[in-house]
Amino acid sequence: MTQETLFVSDLHLTATRPEAVRRFLHFLDRRVRGIERLYILGDLFDAYIGDDDDSWPSRDIKAALRRTADSGTQVHFQHGNRDFLLGERFCEDTGVTLLGDYAVVDLYGTPTLLSHGDLLCTDDLQYQAARARVRVEDWKRNALSKPLWMRRLYARGYRLKSGLDKRSKTYDIMDVNPDAVTEVMRRHGVSRLIHGHTHRPDVHDFEVDGRNCQRFVLPQWDGREWALCWGREGFRREKIG
Ligand code: MN
């Protein structure tokens with residue numbers, strides 16, 4: 001088993017982007033299988049309407065994740081804003097472990113905080129209010145009790161609305177808030193954070209309470225994506241191909 005840990009997020013997989021689905025399946029089978037750990041930090045799916053949806057590409061993705069987990073690789077998942085309805089059954093079917101919105105993991109000796117990233121965009125008050133409304137058990141149970149065709153229709157409407165909302169917001173509002181970043185890193189006692197969501201891939205160096213800190217932002221899968229690869233020697237950005 002190779003002592004490597006890979007991080008990806010914001011793949012936004014959906015039936016209308018078969019090329020991205022193919023790249024992900026290839027990535028799992030050719031690159032991930034047999035390594036130590038894979039972390040998917042949310043928005044694996046462009047819209048997720050429930051574990052009972054077995055249309056394409058869901059079933060192929062599930063099968064590939066199952067093969068990966070069966071190879072001995074630990075696969076961990078955090079909810080994104082697009083796939084927060086992903087639940088227990090998906091995990092049972094695939095062998096994937098579901099992590100909370102904030103998770104601290106040991107990355108070759110360094111405690112590292114993982115999160116999708118949307119919670120850190122605290123300047124977007126409209127988004128945070130909408131998020132708070134839907135991320136409760138009652139809302140989710142109610143949504144999942146609707147027939148699949150209705151959930152599909154709703155997901156289409158949501159995507160349309162989300163696209164329009166983004167156009168009317170400023171660039172800054174949709175990025176993480178630096179004070180929110182400092183606060184969570186202090187609260188979790190870490191000097192390293194990895195997240196996605198903003199689609200602004202970068203590595204940021206800064207200080208919190210006199211400690212050198214790093215924030216890694218993962219890219220979306222738009223054809224130029226890379227995976228963040230960590231090993232004992234450090235990290236590298238690895239082209240998906
Ligand atoms: Mn997101």
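Two strands are said to pair if DSSP finds at least two bridges between them. With that in mind, I turn to the structure above, which is a predicted model.

I begin with the sheet. Strand E3, residues 74–77, pairs with E4 in the parallel sense, over 2 bridges. Within this part of the sheet, His76 has Thr97 in E4 as its bridge partner. The sheet as a whole is open and is formed by 6 strands, in the order E4-E3-E2-E1-E10-E11, with mixed pairing. Strand E4 (97–98) and strand E11 (234–239) stand at the edges; each has a single partner strand, so one side of each is left without a neighbour in the sheet. In general, the strands of a sheet pair through backbone hydrogen bonds, either parallel or antiparallel.

Next, the helix that lies across the sheet strands. Helix H1, residues 18–32, lies across strand E1 (2–8), strand E2 (35–40), strand E10 (226–231) and E11. Relative to E2, helix H1 runs at about 155 degrees.

I now move to the loop between E2 and helix H2 (58–70), where Asp46 has its place. Is Asp46 buried or exposed? Its relative accessibility is 13%, and because buried means under 20%, Asp46 counts as buried. Leaving aside neighbours within four places in sequence, Asp46 is in contact with His12, Leu13, Thr14, Arg82 and Arg159.

Finally, the surface. Trp149 is found in helix H6, residues 148–167. With a relative accessibility of 56%, Trp149 counts as exposed, because the cut-off for that term is over 50%. Together with Met150 and Leu153, Trp149 makes a nonpolar surface patch of about 330 Å².

Note on methods. Residues are numbered from 1 along each chain as its sequence is written. This is a predicted model: local features need pLDDT of at least 70, side-chain atom pairs count only at pLDDT 80 or more; totals for chains, interfaces and linings use all residues. Side-chain values use heavy atoms; hydrogens and water are left out. Patches are made of residues with over 30% relative accessible area and no salt bridge: like charges are joined within 9 Å, nonpolar side chains (Val, Leu, Ile, Met, Phe, Trp, Tyr) within 5 Å. Accessible areas come from the Shrake-Rupley method with a 1.4 Å probe; for residues, only the protein chains shown count as cover. A salt bridge is a side-chain nitrogen of Lys or Arg within 4 Å of a carboxyl oxygen of Asp or Glu. Helices (H or I, at least four residues) and strands (E, at least two) are DSSP runs, numbered from the N terminus. Buried means under 20% relative accessible area, exposed over 50%, partly exposed in between (1.4 Å probe, protein chains only). Contact means heavy atoms within 4.5 Å. Axes are lines fitted to C-alpha atoms, for helices over the stretch in contact, and angles run from 0 to 180 degrees between N-to-C directions.
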